[in-house]
Amino acid sequence: MAPLNMLVSLFAILPAAVMATLQPGPPFVRLNKDDAMVIVADLQEGLYQVVRDFDTVTYRNNMLAHSAIASLFNIPIVLTTSAETGPNGVLPKEIASMYPSAPLIRRNGEVDAWDNSEFRDAVRAQNKSQIILAGITTDVCTEFLALSLRAEGFTVFANTEASGTFTDKLARDANDRMKDGGVILQGMFAIVMDLMRDWRNTPGSKEVLPWLDRYLPAYGYVARGHEAAVTNGTLAPGEEGL
């Protein structure tokens with residue numbers, strides 16, 4: 001065989017040889033809106049004031065956005081508070097008013113919400129295996145509950161943008177422990193995109209873009225810019241063909 005033909009044959013069989021050596025990696029655990037629910041754990045007005053790993057305006061928006069995920073995708077939500085008649089305070093009215101009929105478990109002592117039987121019953125009653133969770137503080141209310149839920153067999157997605165705590169170090173330590181315990185750490189945009197899966201779905205572009213415009217303006221303004229260009233835009237000299 002001529003050297004050139006040998007080289008062509010070698011390159012022809014290389015892809016098959018490489019594919020034959022590939023081994024399956026870890027499974028990609030996807031959110032499924034038909035098997036998911038949201039938990040709001042102690043996102044209370046008093047506790048909000050101890051959060052120092054986000055600025056106050058950003059974190060308030062993140063709390064509300066986390067809570068609004070359930071409404072966007074029409075999935076169940078369970079709310080819980082800790083000692084709300086004391087300095088921890090109540091849920092912000094913006095969250096409470098979203099879900100006037102949702103289970104709201106007012107705990108009067110248990111630090112880990114899973115230690116409260118009424119809360120456990122409320123979560124189990126939703127009959128979902130995937131839980132999207134956020135709480136204050138990250139290293140107590142989110143971490144303790146996330147690891148308890150994992151021990152019970154739930155798949156837990158911790159919304160890292162909607163849980164807050166005293167310092168960046170405490171947040172990192174808590175996220176490391178949760179990750180080691182099998183909790184999936186994701187931000188709000190990734191959670192929403194995975195629940196949606198496809199812009200052509202319902203909820204899809206029509207529902208999700210206005211939601212993002214409200215809670216993630218950095219992306220909302222991408223859509224606004226496109227709208228403005230389509231409805232009002234003209235090309236400046238030199239733009240055509242770029």
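Which strands and helices do the buried residues of α8 pack against?

**Before you start**

This is a predicted model, where local features need pLDDT of at least 70, side-chain atom pairs count only at pLDDT 80 or more, and totals for chains, interfaces and linings use all residues. Residues are numbered from 1 along each chain as its sequence is written, and side-chain values use heavy atoms, with hydrogens and water left out. Helices (H or I, at least four residues) and strands (E, at least two) are DSSP runs, numbered from the N terminus.

**Stop 1: the sheet**

Select the strands. An open sheet of 6 strands runs in the order β3-β2-β1-β4-β5-β6, with parallel pairing. Two strands pair if DSSP finds at least two bridges between them. β3 (104–107) and β6 (184–186) stand at the edges; each has a single partner strand, so one side of each is left without a neighbour in the sheet. From one strand to the next, the twist averages 25 degrees.

Now take β1 with β2 (residues 77–82). They pair in the parallel sense over 4 bridges. Pick A41: T80 in β2 stands opposite.

Step on to β3. β2 and β3 run parallel and are joined by 4 bridges. Select S82; its bridge partner in β3 is R107. Colour β3 by face. I105 and R107 make up the covered face, L104 and R106 the uncovered one.

**Stop 2: a helix across the strands**

Select α6 (residues 138–151). This helix lies across β1, β4 (130–135) and β5 (155–159). Against β4, α6 runs at about 165 degrees. Axes are lines fitted to C-alpha atoms, for helices over the stretch in contact, and angles run from 0 to 180 degrees between N-to-C directions.

**Stop 3: helix α8**

Select α8 (residues 188–196). The helix is mostly covered, with 7 of its 9 residues buried. Buried means under 20% relative accessible area, exposed over 50%, and partly exposed in between (1.4 Å probe, protein chains only). Show M188, I191, V192, M193, D194, L195 and M196: these are the buried residues of α8. Here is the reply to the opening question: they pack against β1, α3 (56–73), β4, β5, β6 and α9. Contact means heavy atoms within 4.5 Å. Move to R197, which follows α8; its phi is positive, near 70 degrees.

**Stop 4**

Two packed helices are described by the angle between their axes and the distance between the axes. α8 and α9 pack at an angle of about 170 degrees, and their axes are 12 Å apart. The two helices are therefore roughly antiparallel to each other. Angles under 35 degrees count as roughly parallel, over 145 as roughly antiparallel, 65 to 115 as roughly perpendicular and the rest as oblique. Show side chains: M188, F189, V192, M193 and M196 in α8 meet V208, W211, L212 and Y215 in α9. That contact divides into 9 nonpolar residues, no polar and no charged. Ala, Val, Leu, Ile, Met, Phe, Trp, Tyr, Cys and Pro count as nonpolar, Asp, Glu, Lys and Arg as charged, and the others, Gly among them, as polar.

α9 brings L209, L212, D213, R214 and Y215 to the contact; α10 brings P217, Y219, G220, Y221, A223 and R224. By class, the contact of α9 with α10 holds 7 nonpolar, 1 polar and 3 charged residues.

**Stop 5**

Buried or exposed: what is L31? L31 sits in the loop between α1 (3–21) and β1 (36–41). At 0% relative accessibility, L31 counts as buried. Leaving aside residues up to four places away in sequence, L31 touches A36, Q130, I132, F157, Q186, I191, D194, L195 and R197.

Next, N175 in helix α7 (residues 168–180). N175 is buried, with a relative accessible area of 18%. Its contacts, not counting residues up to four places away in sequence, are T138, T160 and L185.

Finish at T21, in helix α1. T21 counts as exposed, at 56% relative accessibility. From T21 to K206 is 44 Å, C-alpha to C-alpha, and 185 residues in sequence.
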